[in-house]
Amino acid sequence: MNQQPSNTPKLKVCGLTQLNQMQELMAMNVDFLGFIFYEKSPRYVLNHLSLEEISSINHHGKTGVFVNEEADDILQIVQKAGLNFVQLHGDESDRFIAELRQELDPEVKIIKVIRVGSNDSETKNKIQQTFSQQPGTCNLSPIAYYLFDTDGKAFGGTGKQFDWNILNDFTIPLPYFLSGGISEENIGNIETLKQKPFALDINSKFETEPGNKDIERIKKFKNLYL
């Protein structure tokens, strides 16, 4: 049974490393394919695929995940891999993001990750400060989307869910991706969100090992809930 008939989110599968699995995901119309360009990640895509191989993938939602990477390196990877989205998962400053936006092709959109810890005043202040730094008109923002993920000791996914209720304390000024331990067990909790996510970002909960996706499980998840 579809959990959100009136506002069905799109689906992003992140941490991909295998071409055959990407072809299967494309066949089931997954909206975003995520590639991690962070060397410390167990899903570091360049340990498995070349930029040319990623470029050969004919998909409109190829997303590169970067953590505190140099702008020139991001630009080079985007061009050589033919990426459509840049996901910034580190501590990138507003100035860095604005300058990167100027250098990127206008068709390449930026997703900025907000890492969410405990549901406390410090976390809420951090989120509110991030929102308040955005221009009054969304069209003027260098960021096209936010992505909310669970904060952890290290950068990257934790496979754990943060308290989604914290998002109900804000008017989120841009469409957003929801990440952090999403699975069949907690997908129903999206109904509690006042402002529904633009897309769901799944990763470790749908793997047999890092970078190796359980395609059948993803297919069932998509068919049942999206």
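1. Asn29 is found in the loop between H1 and E2. The model is a predicted one, and the remarks below should be read with that in mind. Asn29 has a phi near 65 degrees, which is positive although the residue is not glycine. This residue comes just after H1. Its relative accessibility is 56%, and Asn29 therefore counts as exposed, the cut-off being over 50%.

2. Helix H1 covers residues 19–27, and its buried residues are Gln21, Met22, Leu25 and Met26. These residues take up an arc of only 140 degrees around the axis, so they sit on the same side of H1.

3. Which residues does Gln21 contact, leaving aside its neighbours within four places in sequence? They are Gly211, Asn212, Lys213 and Ile215. With a relative accessibility of 5%, Gln21 counts as buried because the limit is under 20%.

4. Asn68 is placed in the loop between strand E3 (62–66) and helix H3 (71–81). Its relative accessibility of 40% makes Asn68 partly exposed.

5. Is Gly61 buried or exposed? Gly61 is buried, since its relative accessible area is 0%. Gly61 lies in the loop between helix H2 (51–55) and E3. Apart from neighbours within four places in sequence, Gly61 is in contact with Asp31, Phe32, Leu33, Asn84 and Phe85. The C-alpha atoms of Gly61 and Gly34 are separated by 8.2 Å, with the two residues 27 apart along the chain.

6. In H3, the buried residues are Ile74, Leu75, Ile77, Val78 and Ala81. Viewed down the helix axis, they fall within an arc of 165 degrees, and so they line one face of H3. The face turned away from this buried side carries the exposed residues Asp72 and Gln79. Cover for the buried residues of H3 includes H2, E3, strand E4 (85–88) and helix H4 (94–103). After H3 comes Gly82, which has a positive phi near 65 degrees.

7. On the chain as a whole, the secondary structure consists of six helices and ten strands. For 226 residues, a compact globule would have a radius of gyration near 17 Å; the value for the chain is 17 Å, so the two agree. The C-alpha trace spans about 45 × 45 × 35 Å along its principal axes. Of the contacts between residues at least 6 apart in sequence, 61% join residues at least 24 apart.

8. Burial and surface can be taken together. Buried residues account for 51% of the 226 residues. The accessible surface of the chain is about 11,000 Å², and carbon and sulfur atoms contribute 44% of it. The charged side chains number 23 positive and 30 negative, and the centres of these two sets are 4 Å apart.

Conventions. Residues numbered from 1 in each chain as written. Predicted model: local features only at pLDDT ≥ 70, side-chain atom pairs only at ≥ 80, totals over all residues. Heavy atoms only, no water. Helix = DSSP H or I, 4+ residues; strand = E, 2+ residues; numbered from the N terminus. Rg over C-alpha atoms; globule rule 2.2 N^0.38 Å. Buried < 20%, exposed > 50% of the residue type's maximum accessible area, 1.4 Å probe, protein only. Contact = heavy atoms within 4.5 Å. Areas by Shrake-Rupley, 256 points an atom, 1.4 Å probe, with all protein chains shown as cover. Lys, Arg positive; Asp, Glu negative; His and termini not counted. Charge placed at Lys NZ, Arg CZ, Asp CG, Glu CD. Arc of directions from axis to C-beta.
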